[in-house]
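Dear colleague,

Here is the structure I said I would pass on. My notes follow below it.

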Amino acid sequence: MATSNPSAAGNGKSSDLYLTDRRETDALKRISHVSLRKILLKIHLYIALGIGILLVLAGVTGSLLVYKQALDKWLNPELLLVTPEGNYKPYFDLIKAANDVSPIKDPPHHLYLPRNEEDSLIVRYQVKHPGEGHQAHNHHFYEVMVNPYSGNVLGHRDRDNALMTIILQLHYKLLSGDNGKLVMGIVALLALILTVTGIYLWWPKLSHLKQAFVIKRAASTQRFNYDLHKTTGIYSAVILFAVALSGVYFNLPQIFKPVINYFSTVTEIPRDMKSSGNAGVALSPENVIGIMQAQFPGGIDVQRIFLPAGKDGAYMVSGHQPAEFTENGRTLVWVDQYSGKVIDIRDPHKLNAGDAFINLQLALHNGEILGQTGQILVLIAGFTPLGLMITGVVIWLRKRKSGKIEARRVIPSA
């Protein structure tokens, strides 16, 4: 008759407890080995793989847009360049010449004044987008180019059909309206995380600081590729962070502005300034230019004249003061179209901290904050996502390959 063996049963329970404790210990060891660096490395990798192509597209198109006005003139000299010959014709005459050929029968929206003596005058007409889309910017412009000296019309175009405008729309909204704008806004947010994690992963010990900034000489192909990735990333990190941050502002202002407003008040630019009720003969653009120039004895380059919208509308004039960062000036003056009274002035040199920071975003995005040097740096930095993507994919594929080889070694022994 068989009898039970208490000792064997006890040994079985002890063995089970031992195995359970061993598994828990191994699990804790594996968790402890998952360091912050490994977590950030995974985040960095998955973001790069997820949005790499879009970052390359944004970077290359952004480089082209740094000099978009110069490129537009080079591509369309017959529209945008003239031979200087005497004085300008009166602006009202130039507007009439543009109205005669424009297919848009609404009054012009604003005048884009010549920046140089060989530039044409551009009369722009606002064209509204149909439907419910483009709510934040529900229009584009039709342009008529006029020789300001002779009054002859040089040509006209839908601005959305111009090559540089197509590149711009590809850059910030993938030619896909508001949905594309949202996607590229999310890409800009992820690019910020990608840049920060990249800096953390690059950060060396003090004893290795010098080596972290250079590519090792006579290194293997793998080491050269790795050094190229990290040095390209760290040298371009500040520029890429600034460009991505300003990209968040342009594409996701509904998120960006409230955050800035939490720290310092952000005020919107008014769009519905009104003239006095004393209707009469409207002032000419020449008169308004003189009024604006009188407000800034230190000098101002008047660049755009926004024409009054209806009989009660006011002029809005934009210009560039000598100390402004951007080529397109951010100084605004509103003028009563009848009395010439200055209704309001928005001087970028007198803004509060929140408005001043918002005002800097374009200069950060295209590099103008550092002048010509900054633009060149942004131009070069625009191509770094392509290099980082190529070198990063090579590193990733090599690690995957080595991981599979190691797995083949471990499995038989297990």
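Of the 414 residues in the protein, 38% are buried. Please keep in mind that this is a predicted model. The chain is made up of 14 helices and eight strands. Among contacts with a separation of 6 or more, 62% are between residues 24 or more positions apart. The exposed surface comes to about 24,200 Å², and carbon and sulfur atoms account for 62% of that area.

Surface patches

There is a nonpolar patch on the surface, formed by Leu36, Ile39, Ile43, Ile193 and Tyr200, and the accessible area of these residues together is about 420 Å². Two elements, helix 2 and helix 7 (177-202), each give at least two residues to the nonpolar patch. Helix 2 has the largest share, with three residues. Tyr200 belongs to helix 7. Its relative accessible area is 38%, so Tyr200 is classed as partly exposed.

A patch of positive charge also lies on the surface, where Arg37, Lys42, Arg398 and Lys399 gather. Helix 2 (36-65) and helix 14 (384-413) are the elements that give two or more residues to the positive patch. Lys399 sits in helix 14. With a relative accessibility of 46%, Lys399 is partly exposed, because that value falls between the 20% and 50% cut-offs.

Helix 2 also holds His44. This histidine has a relative accessibility of 18%, so His44 counts as buried. Leaving aside residues up to four places away in sequence, His44 touches Leu194, Thr197, Gly198 and Leu201.

Salt bridges

The count of salt bridges is 11.

Asp100 and Lys96 form a salt bridge in which the closest N and O atoms are 3.5 Å apart. Asp100 and Lys96 are both exposed.

Which residue pairs with Asp227 in a salt bridge? The partner is Lys230, and the closest N and O atoms of this pair are 3.9 Å apart. Lys230 and Asp227 are about one helical turn from each other, because they are three residues apart in helix 8 (residues 221-251). Are these two residues buried or exposed? Lys230 has 15% relative accessibility and therefore counts as buried. Asp227, at 0% relative accessibility, counts as buried too.

The side chains of Arg115 and Glu327 meet in a salt bridge with an N to O distance of 3.8 Å. This pair links distant parts of the chain, as Arg115 and Glu327 are 212 residues apart. Arg115 is in the loop between strand 1 (110-112) and strand 2 (121-128), while Glu327 is in the loop between strand 6 (314-320) and strand 7 (331-336). The relative accessible area of Glu327 is 42%, so Glu327 is partly exposed.

Finally, a network of salt bridges links Asp72, Arg124, Glu143, Arg157 and Arg159.

Regards

Methods
Residues numbered from 1 in each chain as written. Predicted model: local features only at pLDDT ≥ 70, side-chain atom pairs only at ≥ 80, totals over all residues. Heavy atoms only, no water. Helix = DSSP H or I, 4+ residues; strand = E, 2+ residues; numbered from the N terminus. Buried < 20%, exposed > 50% of the residue type's maximum accessible area, 1.4 Å probe, protein only. Contact = heavy atoms within 4.5 Å. Areas by Shrake-Rupley, 256 points an atom, 1.4 Å probe, with all protein chains shown as cover. Patch = residues over 30% accessible without salt bridge, like charges linked within 9 Å, V, L, I, M, F, W, Y side chains within 5 Å. Salt bridge = Lys/Arg side-chain N within 4 Å of Asp/Glu carboxyl O. Lys, Arg positive; Asp, Glu negative; His and termini not counted. Charge placed at Lys NZ, Arg CZ, Asp CG, Glu CD.
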